[in-house]
Amino acid sequence: MRKFITGLALSMAALPLSALELPDSVYHYNTEASVSLSSGAHTPFWLVNNRFGLSSIEKSNGYIRAGIFKDFEYDSRFSWNFGVDLAGAYNFTSSFIVQQLYGGVRYRSLSLTAGTQEWTNGIVSEELSSGDMLFSQNARPIPQVRLAMENYQPVPYTNKWLSIKGYISMGMYTDGHWQEKHTGPEGDYVKNLLFHSKGGFLRIGDPDRHTVTVEGGLEMGAQFGGTLYRTSPVTGEREVIRFPHGLKEMCKILLPMGGGNYEDSNLIGEELNCLGNHTGQWSLAVNWTPKNTDWRIRTYYEHYFEDHSMMFFDHAWKDMLLGGEITFPRNPVITSFVYEYLITKDQSGAVYWDYTPEVPSQISGADNYYNHYLYPGWEHWGMGMGNPLVISPIYNADGSLRFAHNRIKGHHFGWKGNPHPDLDYRVLMTYTRSWGIYHKPVRNVLHNFNALLEVTYRPHQLPGWTGRIGVAADSGRLLGKSFGAMITISKSGWL
């Protein structure tokens, strides 16, 4: 398979440059090769995270990637798309990676796709943000069937003052066998785990007419079904728990409800609370775009929740991702700047208690972000699906799939520029502190500093060719010290 991918990449790289100029082409391709070398504990943080899981914490790693795609045609009433994106890797969680494999149809504003595809929802910057709190671009995409209205559509009779978009999906995780290998014979892991997501957004104002627009929405994700293999916390023996996943359970995942009465005593939490592991977030963004200028200022806020109490206002909303983004008028120094403040320390308080017949009171605290008492953490192939500043389980030395540092404060800066028509750069700098988790706090607060300088060169004499070099460093006791570099060469074009 590696020979096949290498041959495919070389053959694509050898295509004549005139192929890039065909005006009627609807298919495009991308080939890419990347190598990373580091010293220290791991590959530096920003050479690993927010790369859709196509990365590795091993100090020397690399991959070859090749893909062919057809995008939706948004000027047509009906269109279709597909993508095949494969990679062969060295020192990754797997040596052969199906990064994307999907197909879909679109009619008017609605699209239906099936397969594995890289998705972003657009509240935070893809290049400069630390990452969305619920669905970031940090983990490998999950195969799913997804019905979506991808772009904002005006609500009838509002003169474009109101617009909406949204999505709903069902899928399945692909890392069950990797979990088994990673956690070891005594570890806890789940095979055939199912996935669900949904979200809706509302925008007030028309960007083509109004200086200020406001957008916001609610998104939710869930893990359910599958088979759990674990060491019993009561008996110490290995046990197997098969979670229900029929039509009735799917309905209770769509509208989060208690699971009903189950004979298995391990599912008492599913009966009392909600079936499966549910997460979600509220998002709000305000955009200011002065007329006749290139300025753009965007502020945004994300509130993450793990249960009903923090979904609404049973507790104060102290945890958040609060950010601001400035896009500057054209200049050779800096084009965009982002600052974000992330805090996840509160989690609705330190105490949690489910009501019982003896003590019929419930206290909904210790939300334990990204973790669950039965399922693995909110991860895929070891990489967190939410904001990567909450350190992913792939870093756990004991092989567990839990998030060991979900009570953090972080400051994140990112900026980019275009000093030459052929040259771009971006800089990421992040400082975080961790208090561990409520159930296992750290003895002393752990600090972490992560930095990245990445330069991209696109020579106009060689259309479609791109060279990129990233230099990154970590310091602090949370992940340890490391320094490394990544070199990536890619070629893309039309067929």
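**Cavities**

I took a cavity to be a set of points, on a 1 Å grid over the protein atoms alone, where a 1.4 Å probe fits but cannot get out. I joined grid points across faces, edges and corners, and took a volume as the space filled by probe spheres set on the points. The model I searched is predicted: local features need pLDDT of at least 70, side-chain atom pairs count only at pLDDT 80 or more, and totals for chains, interfaces and linings use all residues. Residues are numbered from 1 along each chain as its sequence is written, and side-chain values use heavy atoms, with hydrogens and water left out.

I counted four cavities of 30 Å³ or more by this rule. The largest cavity holds about 270 Å³ of space. I then listed its lining, meaning residues with an atom within 4 Å of a point. There are 20 lining residues, and W119, F135, S136, P141 and Q144 lie nearest the centre. I numbered strands (DSSP E runs of at least two residues) and helices (H or I, at least four) from the N terminus. At least two lining residues come from each of β6, β7 (162–172) and β9.

**Nonpolar cores**

Next I looked for nonpolar cores: buried Ala, Val, Leu, Ile, Met, Phe, Trp, Tyr and Cys residues joined through side-chain atoms within 4.5 Å. I called a residue buried under 20% relative accessible area, exposed over 50%, and partly exposed in between (1.4 Å probe, protein chains only).

The largest core has 63 residues. W378, M385 and Y395 have the most contacts inside it. Several elements supply at least two residues each, among them β6 (144–154), β9 (194–204), β10 (212–224) and β21 (440–457).

Leaving out residues up to four places away in sequence, M385 touches L134, F135, S136, A139, I142, Y173, F195, W378, E379 and H380. I also found a second, separate core of six residues, including Y63, A87, A89 and I97.

**Strand β14**

I counted two strands as paired if DSSP finds at least two bridges between them. Strand β13 (residues 277–288) pairs with β14 in the antiparallel sense over nine bridges. In that pair, V286 stands opposite T299. β14 also pairs with strand β15 (residues 320–327), again antiparallel, over seven bridges. There, Y301 stands opposite L322.

**A three-strand sheet**

I traced an open sheet in the order β8-β11-β12, with antiparallel pairing. β8 (189–191) and β12 (238–242) stand at the edges with a single partner strand each, so one side of each has no neighbour in the sheet. Neighbouring strands here are turned by 20° against each other on average, direction ignored. I used axes fitted to C-alpha atoms (for helices, over the stretch in contact), with angles from 0 to 180 degrees between N-to-C directions. β8 pairs with β11 (residues 227–231) over three bridges. V190 has L228 as its bridge partner in β11.

K191 lies in β8. K191 is buried, at 18% relative accessible area. I listed its contacts beyond four places in sequence: G176, H177, E180, G226, T227 and Y229. K191 and T227 are 36 residues apart along the chain, and their C-alpha atoms are separated by 5.4 Å.

**Single residues**

S36 sits in strand β1 (residues 27–40). S36 is buried, with a relative accessible area of 1%. Not counting residues up to four places away in sequence, S36 touches T43, L47, K59, S60, N61, A485 and M486. I also took the C-alpha to C-alpha distance from S36 to S111: 37 Å, for residues 75 apart in sequence.

I looked up two non-glycine residues with positive phi. N292 has a phi of about 65° and is found in the loop between β13 and β14. N292 is exposed, at 84% relative accessibility. S348 has a phi of about 60° and lies in the loop between β16 and β17 (379–380). S348 is buried, with a relative accessible area of 8%.

Methods:
Contact means heavy atoms within 4.5 Å. On a 1 Å grid over the protein atoms alone, a cavity is a set of points where a 1.4 Å probe fits but cannot get out, and a pocket is an open set with protein on both sides within 12 Å along at least five of seven lines; lining residues have an atom within 4 Å of a point.
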